[in-house]
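The following briefing is intended for a reader working from coordinates. Please consult the sequence and model below alongside the notes that come after.

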Amino acid sequence: MKLWYPYKQMKDLGQVPVMVAGQGTQMILEDGRILTDGISSWWAVIHGYNHPELNHALIHQVSNFSHVMLGGLSHPPALALADKLVAIAPAGLNHVFYSDSGSVGVEVALKMALQFWKNTGYTGKHKIISLRNGYHGDTFKAMEVGDDSDFSSAFADVLHRGYFLDTPTGGFHADAATLQKDFTALEDLLKAHAPEIACFILEPIVQCAGGFRIYSPLYLKVARELCDKYEVLLVLDEVATGFGRTGKLFAAEHAGITPDIMIVGKALTGGYMGHAATMASTRIFNSFLGDSYDKALMHGPTFMGNPLATTVALKSIEIIERDHYLSRIAQINAVIQSEFDKIESPAIADKRIVGAIGAIELKEESMMAGFRDFAINNNAWLRPIGKVMYVMPAYIITDEELLFLIGIMKEWISRIYVND
């Protein structure tokens with residue numbers, strides 16, 4: 001095997017489906033089979049495959065030029081996308097730094113946070129708080145703030161870890177009393193160690209790759225207040241949650257807060273190509289202004305602000321707004337809620353739903369063995385994470401297609417024998 005695949009032990013790779021075309025939610029394989037995509041190609045292809053307007057935008061831009069470095073030069077799509085992101089993001093995120101993937105966007109955010117304190121005259125603020133079960137990418141600093149040994153165990157001896165807090169309890173609707181233990185844990189940590197803590201990074205509302213754990217917006221509100229109180233920056237990783245996935249354009253809106261730094265990616269380009277943006281407040285931006293490179297942000301991915309990526313991102317946002325995607329996401333959520341209510345089994349540990357995300361956690365990971373192949377054999381693309389099966393579809397999915405996908409999940413669960 002010449003091609004090295006991600007997140008897989010290559011020794012037992014098995015048969016890998018080969019996609020040769022796509023249309024809407026349909027993935028057309030080289031053997032003629034057609035699969036309905038239930039996970040929007042790792043949560044990015046929000047408009048489906050082969051979208052005519054996105055295609056046209058790319059063709060128009062590529063006929064002018066496909067790439068130019070952003071170092072010392074600029075171009076209209078990069079400028080226009082920065083303006084648009086500032087207009088739609090939580091108020092106060094006024095500055096945009098591009099990169100070529102979500103992981104790199106996280107690296108940039110953490111570099112900003114660490115250097116901010118140095119630039120403003122503080123010393124010793126080099127630790128980072130994050131949540132257990134969180135995932136922020138596969139590059140080194142991103143791994144340090146993540147909490148999944150599958151991604152980082154090979155590098156445990158070289159990672160410089162910070163502080164980890166438990167994922168907030170109680171789910172999306174948890175009240176303040178339920179969350180008091182989590183509030184106290186955060187404040188106790190900040191009270192004891194704030195002089196060495198630069199920032200708190202977390203995925204707002206839902207930890208996607210960490211098992212779709214969902215928590216209350218109240219936790220974000222209190223985190224914002226406590227970070228301000230103890231002079232720690234708040235960084236929100238919206239790579240997976242941004243652009244409508246949780247039912248709001250950005251998950252931070254559930255709590256009505258603005259972070260100091262926010263990262264977006266994945267759906268930014270409608271899944272057409274890798275690109276990300278790290279957005280910062282004016283307070284952060286101004287700290288990098290000075291008379292020398294000592295204060296400058298010395299980071300610059302070759303393909304940051306790529307004209308094709310920024311062009312397709314602009315068109316993607318236009319479609320989200322014009323076609324009232326948030327209303328469609330609400331309908332997707334209603335279908336998931338209704339259908340999940342009908343699925344009962346002693347094999348189920350939990351059901352979690354927010355926005356256009358529906359996840360069912362089984363009691364044992366062994367209960368998921370063979371599920372992916374079962375889905376493929378039934379003309380669906382559903383790829384579980386550990387013991388969690390989920391749907392996270394394109395927003396253009398029809399109710400009928402969504403019912404079909406959830407039906408496959410239901411059928412699999414009905415086949416699981418549980419020895420009580």
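Glutamate 203 is buried, with a relative accessible area of 6%; buried stands for under 20% relative accessible area, exposed for over 50%, and partly exposed for the range in between (1.4 Å probe, protein chains only). The model is predicted, so local features need pLDDT of at least 70 and side-chain atom pairs count only at pLDDT 80 or more, while totals for chains, interfaces and linings use all residues. Residues are numbered from 1 along each chain as its sequence is written, and side-chain values use heavy atoms, with hydrogens and water left out.

**Glutamate 203**
- Glutamate 203 sits in the loop between β7 and β8 (206-207); helices (H or I, at least four residues) and strands (E, at least two) are DSSP runs numbered from the N terminus.
- Not counting residues up to four places away in sequence, glutamate 203 touches Gly134, Tyr135, His136, Cys208, Tyr215 and Asp237, where contact means heavy atoms within 4.5 Å.
- Glutamate 238 is 35 residues from glutamate 203 along the chain, and their C-alpha atoms are separated by 6.2 Å.

**Lysine 266**
- UniProt, in an unreviewed entry, lists Lys266 for "modified residue: N6-(pyridoxal phosphate)lysine"; UniProt positions are given in the numbering used here, feature names are shortened, and annotations may be inferred rather than shown by experiment.
- Lysine 266 lies in the loop between β11 (261-264) and β12 (276-281) and is partly exposed, at a relative accessible area of 29%.
- The side chain of lysine 266 reaches the backbone oxygen of tryptophan 42 at 3.4 Å. Such a polar contact is a pair of N or O atoms within 3.5 Å; within protein, one must be able to donate a hydrogen and the other to accept it, and residues adjacent in sequence count only if both atoms are side-chain atoms.
- Beyond four places in sequence, the residues touched by lysine 266 are Trp42, Trp43, Ala44, Val239, Ala240, Gly271 and His275.

- Serine 99 belongs to strand β4 (residues 93-99) and is buried, with a relative accessible area of 0%.
- A polar atom of the serine 99 side chain lies 3.3 Å from the backbone nitrogen of glycine 105.
- Threonine 246, in the loop between β10 and β11, is buried at 2% relative accessible area.
- The side chains of threonine 246 and histidine 254 make a polar contact (3.0 Å).
- Threonine 246 and leucine 326 are 80 residues apart in sequence, and their C-alpha atoms are 9.4 Å apart in space.

**Helix α8**
- Helix α8 (residues 217-229) has 13 residues and should span 18 Å at 1.5 Å a residue, which agrees with the 19 Å between its end C-alpha atoms; the expected span is 1.5 Å times one less than the number of residues.
- The buried residues of α8 pack against β5 (127-131), β6 (163-165), α7 (176-193), β7 (197-202) and β10 (233-237).
- At the start of α8, a side-chain oxygen of serine 216 comes within 2.9 Å of the backbone nitrogen of leucine 218.
- Glutamate 231, which follows α8, has a positive phi near 55°.

**Domains**
- The domain assignment gives domain 1 (19-52 + 324-355 + 376-415) and domain 2 (53-322); such bounds come from an automatic or database assignment.
- Their contact takes 24 residues from domain 1 and 31 residues from domain 2.
- About 2,400 Å² is buried between domain 1 and domain 2, with carbon and sulfur atoms giving 62%; buried area is the accessible area (1.4 Å probe) that two parts lose on being put together, summed over both.
- Trp43, His51 and Val354 of domain 1 lose the most area to domain 2, together 25% of what that side buries.
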